[in-house]
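Q: Please take one part of this structure and look at it closely. Then place that part in its surroundings and go through the rest step by step.

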Amino acid sequence: MLKDKKVILGVSGGIAVYKAVELLRLLTKAGAVVHVIMTRAAREFVAPLTFQTLSSNPVHTELFNLISEQEIGHISLADRAALFIIAPATANIIGKLACGIADDLLTTTVMATKAKVLIAPAMNVNMYTNPVYRDNEERLRRLGYLFVPPEKGELACGWEGEGKLAAPETIFEAAVAELTPKTLTGETVLVTAGPTREEIDPVRFISNHSSGKMGYALAREAQRRGGRVILVSGPVSLAPPPGVELVTVESATEMREAVMARVGGCTVVIKAAAVADYRPLEREQAKIKKQTGELTLRLVKNPDILAELGRLTERPFLVGFAAETDNLEAGAAKKLEEKNLDMIVANDVSQPDAGFNVDTNAARLLFRDGRMVECPLMSKKELAGLILDYVTAECSCRRQR
Ligand code: C5P
């Protein structure tokens, strides 16, 4: 979403300036063309050379610098921006913006821009709660400025409380969300992700290699596109995307309960979870002792959540996943039909770069009307975007019918 987008990163003076370096790295890694403006105070904390090297663009510092004004003036800088981020934003810079003071390059460029401005404040907790500051923030919010609130924690000044600059990943996510067209506004999207664990005894379980990466990428992308997102997740080691409603479960039975309790309000359900098909007939209360001979486990079938959703009379748009090691297309088409789905994402998990536990995937999308779309090897993030493009298109066709 940020590829080739022009972003201005305004950096004002506070101890958190070093975190803006990490934010810059995230922005450039995502393909954004970043121009950094630093205030005089910011330059006391980190040298402009760091920002210049990482942005591959000259850092802008002075309003009345003849050379940089000739090369790219502050007005043309302001005009070019798709998004303006100020991180960290001090109480001083926020106060100046709220009052219309434009006395340096950063405040002047903000004043001249038509782009959305995303402000990430960082300051001492008493400054943050000061009524003067609160008034300034309120005024800017009313005028359409966006804020990424600071976090609570130990502050550099020794105080505890709100005022710590939001994590670079959080500011980055807010920037991406701001630049993503809101094609899923009004939709409630439930995504299931990760494996399930079927307990054998207090210390052992049956599970699979699912990492949850595909489901989490889908949840993150749906959230960025303006959907209300519920993520029902089995045990994974991923951080939930900001803004999604996370419901954690362990077993297939728990996942079923979580999904069925929420499906009523959903318009789209994407079942990316690798649900265990079987569970032990009984979970032993005590740890099973090692025996000399063989140990036989009796397994019973788990509920097929997706098939149950397919049988609902008023059902949401249903997307299933088919992880296969052979007969990929035929197997997926059969599941699409049998489980009464709208779309199925088939992937060959025997390929080294696709399926479980990797960051990439190659898939085929199959639809009810027999259409098939081949998706070559790409990142799970990209595939999530592509899947949601089709979900959006299909949902709007369905609404028009
Ligand atoms: O039939 P199979 O398990 O291969 O189908 C995979 C699809 O069905 C996935 O979307 C998975 O999340 C879903 N599923 C389910 N409940 C199960 C097994 C699979 O919802 N018990």
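A: Helix α7, residues 105–112, is mostly covered, with 6 of its 8 residues buried. Buried here means under 20% relative accessible area, exposed means over 50%, and partly exposed lies in between (1.4 Å probe, protein chains only). Helices (H or I, at least four residues) and strands (E, at least two) are DSSP runs, numbered from the N terminus. This is a predicted model, in which local features need pLDDT of at least 70 and side-chain atom pairs count only at pLDDT 80 or more, while totals for chains, interfaces and linings use all residues. Residues are numbered from 1 along each chain as its sequence is written, and side-chain values use heavy atoms, with hydrogens and water left out.

The buried residues of α7 are Leu105, Leu106, Thr107, Thr108, Thr109 and Val110. Their cover includes the strands β1, β2, β3 and β4 and the helices α5 (74–80) and α6 (91–99). Contact in this sense means heavy atoms within 4.5 Å.

A nonpolar core is a set of buried Ala, Val, Leu, Ile, Met, Phe, Trp, Tyr and Cys residues joined through side-chain atoms within 4.5 Å. This core has 34 residues, and those touching the most other members are Leu9, Val11, Leu27, Val36, Phe51, Ile85 and Ile171. At least two core residues come from each of β1 (6–11), α1 (17–29), β2 (33–38), β3 (83–89), β4 (116–121) and α10 (168–179). Helix α1 gives the most, 7 residues. In soluble globular proteins, nonpolar side chains tend to be buried together.

Phe51 shows what such a position looks like in detail. Leaving aside residues up to four places away in sequence, Phe51 touches Val11, Val17, Ala20, Val21, Leu24, Val36, Met38, Val46 and Val59. There is also a second, separate core of 33 residues, which includes Leu218, Val229, Phe367 and Leu383.

The structure holds 26 salt bridges, each a side-chain nitrogen of Lys or Arg within 4 Å of a carboxyl oxygen of Asp or Glu. One of them joins Arg43 to Glu62, with the closest N and O atoms 3.4 Å apart. These two are 19 residues apart and link distant parts of the chain: Arg43 is in helix α2 (residues 42–45), and Glu62 is in the loop between α3 (48–55) and α4 (66–71). Arg43 is partly exposed, because its relative accessibility is 24%; Glu62, at 30%, is partly exposed.

Glu173 and Arg220 meet in a salt bridge at 2.9 Å, N to O. Glu173 is in helix α10 and Arg220 in helix α11 (residues 213–224), 47 residues apart. Glu173 counts as buried because its relative accessible area is 9%, whereas Arg220 is partly exposed at 26%.

A local pair sits in helix α14. Glu338 and Lys334 form a salt bridge at 3.4 Å, N to O. Both lie in α14 (residues 328–338), 4 residues apart, or about one turn of the helix. An α-helix has 3.6 residues a turn, so residues three or four places apart point the same way. Glu338 is exposed at 57%, and Lys334 is exposed at 52%.

Salt bridges with shared partners also join Glu173, Arg220, Glu221, Arg224, Arg225 and Asp389 into one network. Within it, Arg224 lies in helix α11 and is buried, at 14% relative accessibility. Not counting residues up to four places away in sequence, Arg224 touches Phe172, Glu173, Val176, Ala177, Thr180 and Lys182.

Finally, the whole chain. It has 15 helices and 19 strands, and 50% of its 401 residues count as buried. Its C-alpha trace spans about 80 × 50 × 40 Å along the principal axes. Among contacts with a separation of 6 or more, 65% are between residues 24 or more positions apart.
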